[in-house]
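Thank you all for coming; I would like to take you through one model this morning, beginning with a helix and then moving on to a sheet. Please have the picture in view while I talk.

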Amino acid sequence: MAQNSRYHAESYVAHPVVTTADMRLLFHRASGETHLLADPLPDMLILLGEQPDTIQGLTTRLCARLGVAQDEEAHAVVGHRLDELEAAGLVWRD
Amino acid sequence: MRDALPLVRALTDPASVDHIMPDDWTALLSIARAERLIGSLAVRLKERDLPVSVMEALEAARVQAAFDHVQARWEVELTRRLLAPLGIRPILLKGSAFVVAGLAAGEGRMVGDLDILLPADQLNKAEAALLVGGYEWAKDDPYTQAYYRRWMHELPPLIHAERGTMIDVHHTILPLTARPTPDAPALVADAVDIAPGLATLSPADMIVHAACHLIADGDMAGGLRNLWDIDRLVRDFSRQANFWPMLAERSGVHQMREPVARTLRLTHQLYETPVDHAVAGHTRASDALFVRRLLSRDGWGRQTNRATRLAFYIRSHWMRMPPLMLARHLWIKARS
Amino acid sequence: MYRLDLRVGPVGYRVGSAWRRPIDALRRLYAGYPAPDEGLATLTARIEPEKPWRRHLRPQVAIRGDFELPDAVPMTLDHGLLAIEMAMNLQIALGERRHLLLHAGAVERNGRVIILTGESGSGKSTLSALLGEHGWRLLSDEFVLIEPGTGLVRAFPRAISLKNAAIAELERVVADRDRFGPLLRATPKGDLRHLRPAPDAIARMDERAMPALVLFPTFGHASQAEGMGQAELFALLTQGSTNYAALGERGFETMARLATTVPGVRFAYPDSAGGMAIVEQFAAELGI
């Protein structure tokens, strides 16, 4: 089920974001919580905000966006990061 | 100040604060905080020309209320995400319902734990989903679990392990031990959708539920806030043509005619709420006792009239439990 | 109720006590503080008997007010002044919503502020107090208030709570004995003595100033300093704030501005003289 379900996120530009040298500080208005995001979390949120996607679909788009090779490892990393974002309430599944 | 009447007056008639003295302001702010009505007061006085320090204190209350509302909405959303895949539509109760439904009762109101109502046959599924979703029992001893499951109108309280937030899952609105027995299936059947996957009670049932709280559940502590909720709800709902006949009918269906009538008389007496006297009934001598109890606070925000308070505490437990069970409950409470 | 109204920075207090003695001590300690603006206190702190029928017989002093902790431990009447101070602190820790509140000390010179923060025991309070006697204006030894919008620090010069060894240290440098409260022995925090801040800290309590540096001191180690990244500074400051989350987006903006415009430095120091020397060195580098 997890393989096929689609992940959603709010539009990234809706969040107040402050960029520092090492991380991005994101204020999530819906929850009132602040998140410190390291790469590639902001890119994942940007892509999901544009269009909901499966893990597979998001991995493809993310690798293209960052100009890196798409392999098993990339797929696993995206899966883990999505779990974290889901636990933080920043993405959700339909 | 000898009682909380200035707070009641400021809420009902904001112009009443225009000429009060500095000391009266200090007392009014303390009383409003103690009654958890400072946010509602801030909303009511927003347009008035107030001393600068008072405006700042009320602005702080608005900031707090705004934060409460963000948290309340977020808890509702996370609960919806857990339950929607199971086809379960939670019926929001109390503060969360007022805020998410955009009712005047929610404006400036502090919101605590999330309370939801579910049909009894969805309880097990919902409980399992919440436990998987990170909630844990606040108290996991066998007595608490057995007590809630056998006699109460809700599951034992659940706390989210990471967020620390609490959810009360109800299947009816009064303990099963209470003498009135509200018609839980009717509450669910009449619930109103307010957003995808979310509902509230119908207007009339919302009033009945608020009356349950005020009269039957608790020792009237914080009663001014509950009554203010009812005032705002009645003013909102009574614009609907069939509200009063509906309320008369529903308070009968839920065996709550007397408590609803008493609640309406009290809110009319304190907040000048327009009520239908056919539903509110005639003033009773004991109404004055309730009013005295509701207003018992001094200018330092301290509760006064301890004797009346104790009497109301015993009374509220008496209403909720048959005598033998009351003895058992108090005995176990005393030992724990 | 015995009563004293007074203003500390932006906060107009009404303080109430069921007993006379603690209020008299408070009045002496806060001599020279202004009354609330327009005579209108907006925040109430009180102490009263935990059990009303035990007002005289070995009374237990309960810490109460507009904002309360349900499990606050009652104290003995001998420590009544400390109980009042804690009640006043609690009102700010739980109720302040106009300013971003940092659990930190702060001192100002030439219009620029050094914020000293860190866990209790780090020496931030003692160091702030000492700097306040050595050419700096003490803004606060415990709660730093930052104004959203401007990012300026508002002074909140409450009486300083000196604990244990810090008592003798300040007794050595403060000549005016009237500024000290009574010595309270064996309180839950050890020996404790209050100190009224220097006259200029009180006279200038409404002068705001811009933060220039955030320091995280650690007491009792050889001198050493280390900078930190903005994200780390942001995270540490939010952990040390009691109202960051409650301020919502304004809190975020205010905190993010502080963490991205002001450097954060961790430093260790062996003793108070060493600590003050390091702070002076940082100040010199920043041209303060």
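In chain A, helix 1 (residues 41–50) is mostly covered, with 8 of its 10 residues buried, where buried means under 20% relative accessible area, exposed over 50% and partly exposed in between, with a 1.4 Å probe and protein chains only. Helices (H or I, at least four residues) and strands (E, at least two) are DSSP runs numbered from the N terminus. The model is a predicted one, in which local features need pLDDT of at least 70 and side-chain atom pairs count only at pLDDT 80 or more, while totals for chains, interfaces and linings use all residues. Residues are numbered from 1 along each chain as its sequence is written, chains are lettered from A and ligands numbered from 1 in the order in which they are written, and side-chain values use heavy atoms, with hydrogens and water left out.

The buried residues of helix 1 of chain A include A:Leu41, A:Pro42 and A:Asp43, and what covers them includes helix 2 (55–66) and helix 3 (72–87) of chain A, by contact, that is, heavy atoms within 4.5 Å.

Turning to chain B, we find an open sheet of 7 strands in the order 3-4-5-2-1-7-6, with mixed pairing; two strands pair if DSSP finds at least two bridges between them. Its edge strands are strand 3 (135–137) and strand 6 (192–195) of chain B, each pairing on one side only. Strand 1 (residues 91–92) and strand 2 (residues 114–117) of chain B pair in the antiparallel sense over 2 bridges, and B:Leu92 has B:Ile116 in strand 2 as its bridge partner.
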